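Here are my notes for your first look at this chain. Please keep the viewer open while you read, and take the points one at a time.

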Amino acid sequence: QLHVVESGGGLVQPGGSMRLSCVGSGFTLDYYAMAWFRQAPGKEREGVSCINSREGTHYVDSVKGRFTISRDNAKNTVYLQMNSLKVEDTAVYYCAADPSACSNAMDYWGKGTLVTVSS
C-alpha cells in the first residue's frame, strides 16, 4: 500500500523558519508528482507547491521566494522549507502524491501536520 506521512509542524514565531518532511512508502517517490497543500481555519484547501520530474517545481504566488520544495530520492522524502513565515501561513499542511502530474486531485494524501505561526 502507498502511504505518505508528514512531520515537522509546530509553533513558530512570525519571521521564523520551519521544515516539513513527507516520507513515502510503498512507491518510489522519484516517479511521482509530490505536492504540499494547506488548509487554514475557515478556508478552502489550497495548493502550496509541487515537484515533478517532467514539470519541475511550482509555487503559489503567496509563498514564492519564501518556501522551497525539494526531495531526497535516497530517503524517499520530500521537504518543504518555509522561511520568513507569516501569521497567514498558519494551516494544516498536507503532503500528496500522484503518479501522473501536479493537480488539485492528487491520488494519495497524508493526514496533515499543523503549522502555527504566532507570537
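How many bridges join strand 1 to strand 3? Five bridges do so, and the two strands run antiparallel. Here strand 3 covers residues 18–25.

1. Before going on, a word on what you are looking at. This is a predicted model, in which local features need pLDDT of at least 70 and side-chain atom pairs count only at pLDDT 80 or more, while totals for chains, interfaces and linings use all residues. Residues are numbered from 1 along each chain as its sequence is written, and side-chain values use heavy atoms, with hydrogens and water left out.

2. Now the sheet. Strands are DSSP runs of E with at least two residues, numbered from the N terminus, and two of them pair if DSSP finds at least two bridges between them. Four strands form an open sheet in the order 1-3-8-7, with antiparallel pairing. Its edges are strand 1 (3–7) and strand 7 (67–72), each of which pairs on one side only. On average, neighbouring strands of this sheet are turned by 15° against each other, direction ignored; the angle is taken between axes, which are lines fitted to C-alpha atoms, on a scale from 0 to 180 degrees between N-to-C directions. As background, strands of a sheet pair through backbone hydrogen bonds, either parallel or antiparallel.

3. Keep Cys-22 in view, as it forms a disulfide with Cys-95. A disulfide here is a pair of cysteine sulfur atoms within 2.5 Å, and these two sulfurs are 2.0 Å apart. The link is left-handed, with -75° about the S-S bond. It connects distant parts of the chain: Cys-22 in strand 3 and Cys-95 in strand 9 are 73 residues apart. Both Cys-22 and Cys-95 are buried, where buried means under 20% relative accessible area, exposed over 50%, and partly exposed in between (1.4 Å probe, protein chains only).

4. A search of the whole structure finds two disulfides, and the other one joins Cys-50 to Cys-102, S to S 1.9 Å. Its torsion about the S-S bond is about -85°, so this disulfide is left-handed. Cys-50 lies in strand 5 and Cys-102 in the loop between strand 9 and strand 10 (108–109), so the pair ties together parts that are 52 residues apart in sequence. Cys-50 counts as buried because its relative accessibility is 6%; Cys-102 is buried too, at 19%. With bonded cysteines counted along the chain, the pattern is 1-3, 2-4.

5. Next, the interior. A nonpolar core is a set of buried Ala, Val, Leu, Ile, Met, Phe, Trp, Tyr and Cys residues joined through side-chain atoms within 4.5 Å. The largest one has 27 residues, of which Met-34, Trp-36, Val-78, Leu-80, Met-82 and Tyr-93 touch the most other members. Strand 9 gives the most to this core, with four residues. Apart from it lies another core of eight residues, including Phe-37 and Tyr-94.

6. Finally, is Ala-35 buried or exposed? Ala-35 is buried, because its relative accessible area is 2%. This residue lies in strand 4. Beyond its neighbours within four places in sequence, Ala-35 is in contact (heavy atoms within 4.5 Å) with Ser-49, Cys-50, Tyr-94, Cys-95, Ala-96 and Met-106.
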